[in-house]
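Please look over the chain shown below with this briefing at hand. The notes are grouped by topic and can be read alongside the coordinates.

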Amino acid sequence: MSCDEYPIARSREGLSSGGTRRAFDGCQMSQVSSGTGPTGVSVCMITAAENGAQGGLNTQFFRAERVLDGDPFRVTVS
């Protein structure tokens, strides 16, 4: 298992920029409090294979679209 987060770690809103972790029931994150709101980062345990695969897709996207440090981008969930 591997800890996944949203917003993604590479974004300026990710945990690498600071902030507070929060989790939800079923995320296997017993040391993290639950909550909602406009700030903070949601974390949940997922398989390491899924986490690695998504990281690879993110890297491919940033390279293909030439997203550089500080460039804005939007994540759409469908």
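Does Gln-28 count as buried or exposed? At 57% relative accessibility, Gln-28 counts as exposed, where exposed means over 50% relative accessible area, buried means under 20% and partly exposed lies in between, with a 1.4 Å probe and protein chains only.

This is a predicted model, in which local features need pLDDT of at least 70 and side-chain atom pairs count only at pLDDT 80 or more, while totals for chains, interfaces and linings use all residues. Residues are numbered from 1 along each chain as its sequence is written, and side-chain values use heavy atoms, with hydrogens and water left out.

**Overall build**

- The protein chain has 1 helix and 3 strands, and along the sequence these follow the pattern β-β-β-α; helices (H or I, at least four residues) and strands (E, at least two) are DSSP runs numbered from the N terminus.
- Along the principal axes, the C-alpha atoms of the protein chain fill a box of roughly 40 × 30 × 25 Å.
- Of the 78 residues in the protein chain, 22% are buried.
- The accessible surface of the protein chain comes to about 5900 Å², and 50% of it belongs to carbon and sulfur atoms; such areas come from the Shrake-Rupley method with a 1.4 Å probe, and for residues only the protein chains shown count as cover.
- Among contacts in the protein chain with a separation of 6 or more, 47% are between residues 24 or more positions apart, a contact meaning heavy atoms within 4.5 Å.

**The sheet**

- The 3 strands form an open sheet in the order S1-S3-S2, with mixed pairing, and its edge strands are S1 (2-6) and S2 (21-22), each of which pairs on one side only; two strands pair if DSSP finds at least two bridges between them.
- Strands S1 and S3 run antiparallel and are joined by 5 bridges, and the bridge partner of Glu-5 in S3 is Val-43.
- Strand S2 runs parallel to strand S3 (residues 41-46), to which 2 bridges join it; Arg-21 stands opposite Val-41 in S3, and Arg-22 stands opposite Ser-42 in S3.

**The helix and its contacts**

- Helix H1 lies across S1 and S3 and runs at about 45° to S1; axes are lines fitted to C-alpha atoms, for helices over the stretch in contact, and angles run from 0 to 180 degrees between N-to-C directions.
- Asn-51, a residue of helix H1, counts as buried at 17% relative accessibility.
- Leaving aside residues up to four places away in sequence, Asn-51 touches Ser-2, Cys-3, Asp-4 and Ile-46.
- Gly-55, also placed in helix H1, is partly exposed, with a relative accessible area of 32%.
- The C-alpha atoms of Gly-55 and Arg-10 are separated by 9.6 Å, although these residues are 45 residues apart along the chain.

**The salt bridge**

- The structure holds 1 salt bridge, the term meaning a side-chain nitrogen of Lys or Arg within 4 Å of a carboxyl oxygen of Asp or Glu.
- This salt bridge is formed by Arg-12 with Asp-69, and their closest N and O atoms are 3.2 Å apart.
- Arg-12 lies in the loop between S1 and S2 and Asp-69 in the segment after H1, so the pair ties together parts that are 57 residues apart in sequence.
- Both Arg-12 and Asp-69 are exposed.

**Nonpolar surface patch**

- Tyr-6, Phe-61, Phe-73, Val-75 and Val-77 make a nonpolar surface patch of about 490 Å²; patches are made of residues with over 30% relative accessible area and no salt bridge, like charges being joined within 9 Å and nonpolar side chains (Val, Leu, Ile, Met, Phe, Trp, Tyr) within 5 Å.
- Val-77 is placed in the segment after helix H1 (48-64) and counts as exposed at 75% relative accessibility.

**Backbone features to check**

- The peptide bond from Tyr-6 to Pro-7 is cis, with omega near 0°, and Pro-7 lies in the loop between S1 and S2.
- Gln-28, in the loop between S2 and S3, has a positive phi of about 55° although it is not a glycine.
- Arg-66, in the segment after H1, has a phi near 55°, a positive value in a residue other than glycine.
- Arg-66 is exposed, with a relative accessible area of 60%.
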